[in-house]
Amino acid sequence: MKSQQPTLSRHRARTLRKTAYALGAAALLAAGAARAAEVQVEVLHYWTSGGEAKSAQVLKQMLEQKGYTWKDFAVAGGAGANAMTALKTRVIAGNPPAAAQIKGPAIQEWGDEGVLLSIDDVAKSEDWDKLLPTQISSIMKYKGHYVAAPVNVHRVNWLWINADALKQVHAQPPASWDDFFKTADLLQKAGIIPVAIGGQSWQQAETFETVALGVGGADFYKKAFVQLDQATLKGPTMVKALETFKKIKTYTDKGQTGRDWNMATGMVITGKAAMQFMGDWAKGEFTVANKVAGQDYLCVPGPGSQNAFTFNVDSFAFFKVKDPAVEKGQKTLASLLLSPQFQEVFNLNKGSIPVRQGMDLSKFDACARKSAADFSSAQTHGTLVPSWAHDMVDTPAVEGAFYDVIGNYWTDDSETAQDAANKLANAAKTN
Ligand code: BGC
């Protein structure tokens, strides 16, 4: 009689049912994971230096924890020019990677080609509009639809200093250009290379960008590099910035041709050189070398640019693919990128700060916390500016033309600052 079924057997029946259910679910999960693991998500990036590679590894691990296979498409070359060339070849061949590290206006150019995938469903369900500052979410959208996901905020206008080198010459971190050159003189006399730089045009462009911001201020910077105002590009403030930039060259070494940025950072880490103008991906290298911010090395804004913040946001754009399983993987990746856990671990390694607002920064060091505070303050005071040397504002064509002008001016000692300024104004007209 059903109602008088012994308690034990009812219990056993329930246990059996539960076990069967659990086994079934496990089998289903295993099958799902196995299917996902067969699904390769190919990601193009250019993070190949010590700190960068460690950061890329975080993403790979997290994606694999979700059961996908990470297919690494790493193209070496700081600032990504080589990676962008590789990307074009693949897209033209009709075989794009699932995701690629693309930034700023280039996202719009790829959008115009009709090859990007909308990830609006992920962005809407996770409320990205609320999680991201509007200046940044607007860059991630093509015609109002999210097609890319940001991972961080890098500050570009930093000066990295070896603390011992500075102590040796009894100097303080320079706040003005006068201080900077005085300290550089002392370092040179002490036999330390004052400024480490690599002879690649993007490194020269980045250094010049920080000098221009420090010499001219945020309004000048915006007029010149965001609005591309002709009079400002060839005007007296630009000439002064170019002269200051060229003066820095006299404090650099002869071996810079072809040197990668992380090799230059390495010179500051070992004390061979004292200072480097570089975005805070440089901090990733100090971290890998077990150096401590505020103790072994110092981070200060470039002279004169204390109140401003040049931002550079890394992001991944997603390409349309044929396989729906890969598309699922792309959306999983998009969701991971903005997750609090990824934002924390990735940015601790990368040297940047989380792009997701409202994150707890207690695990971050003094440089990162200063970066976060200066970002908000610059936002309030209208001194938050996009980095033109790192793809955040001008079209790739204009940016490339600027690189050439600045690179040639740095190399050619016979070119005057006014000539270079005139060339910048012309370069701004590049289509
Ligand atoms: C990127 C960084 C990268 C750096 C050097 C910048 O343009 O935003 O993520 O670390 O270049 O490669």
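The domain bounds used here come from an automatic or database domain assignment. On that basis the protein, which is a predicted model, is divided into domain 1, made of residues 39–154 + 312–367, and domain 2, made of residues 155–311 + 383–427. The centres of domain 1 and domain 2, taken over C-alpha atoms, are separated by 27 Å, and the contact between them draws on 25 residues from domain 1 and 29 residues from domain 2.

As to confidence, the mean pLDDT of the protein is 93, with 91% of its residues reaching 70 or more. Residues 1–11, by contrast, stay under 50 in pLDDT, and over this stretch the model has two contacts beyond four places in sequence.

Two packed helices are described by the angle between their axes and the distance between the axes.

| Helix pair | Angle between axes | Distance between axes |
|---|---|---|
| α12 (residues 236–249) and α19 (residues 417–427) | about 120 degrees | 9 Å |
| α10 (residues 201–226) and α18 (residues 396–411) | about 110 degrees | 9 Å |
| α2 (residues 50–65) and α15 (residues 324–337) | about 125 degrees | 10 Å |

For α12 and α19, the angle of about 120 degrees means that the two helices are oblique to each other, and their crossing is right-handed. On the α12 side the contact is made by Met238, Val239, Leu242 and Glu243, while α19 supplies Ala417, Gln418, Ala420, Ala421 and Leu424. Sorted by class, the residues of this contact comprise seven nonpolar, one polar and one charged.

How are α10 and α18 oriented to each other? Angles of 65 to 115 degrees count as roughly perpendicular, and with an angle of about 110 degrees α10 and α18 are therefore roughly perpendicular to each other. The crossing of α10 and α18 is right-handed. Ser201, Trp202, Gln204, Ala205, Phe208 and Phe225 of α10 make the contact with Phe402, Tyr403, Ile406, Gly407 and Trp410 of α18. The contact of α10 with α18 has eight nonpolar and three polar residues, and no charged residues.

The helices α2 and α15, whose axes lie 10 Å apart at an angle of about 125 degrees, are therefore oblique to each other, and the crossing of α2 and α15 is right-handed. Here Leu59, Met62 and Leu63 in α2 meet Gly329, Leu333, Leu336 and Leu337 in α15. The contact of α2 with α15 divides into six nonpolar residues, one polar residue and no charged residues.

Terms used: Residues numbered from 1 in each chain as written. Predicted model: local features only at pLDDT ≥ 70, side-chain atom pairs only at ≥ 80, totals over all residues. Heavy atoms only, no water. Axes fitted to C-alpha atoms, helices over the stretch in contact; angles between N-to-C directions. Helix = DSSP H or I, 4+ residues; strand = E, 2+ residues; numbered from the N terminus. Parallel < 35°, antiparallel > 145°, perpendicular 65-115°, else oblique. Left-handed = near helix turned anticlockwise from the far one by under 90°. Contact = heavy atoms within 4.5 Å. Nonpolar A, V, L, I, M, F, W, Y, C, P; charged D, E, K, R; others polar. pLDDT = per-residue confidence, 0-100.
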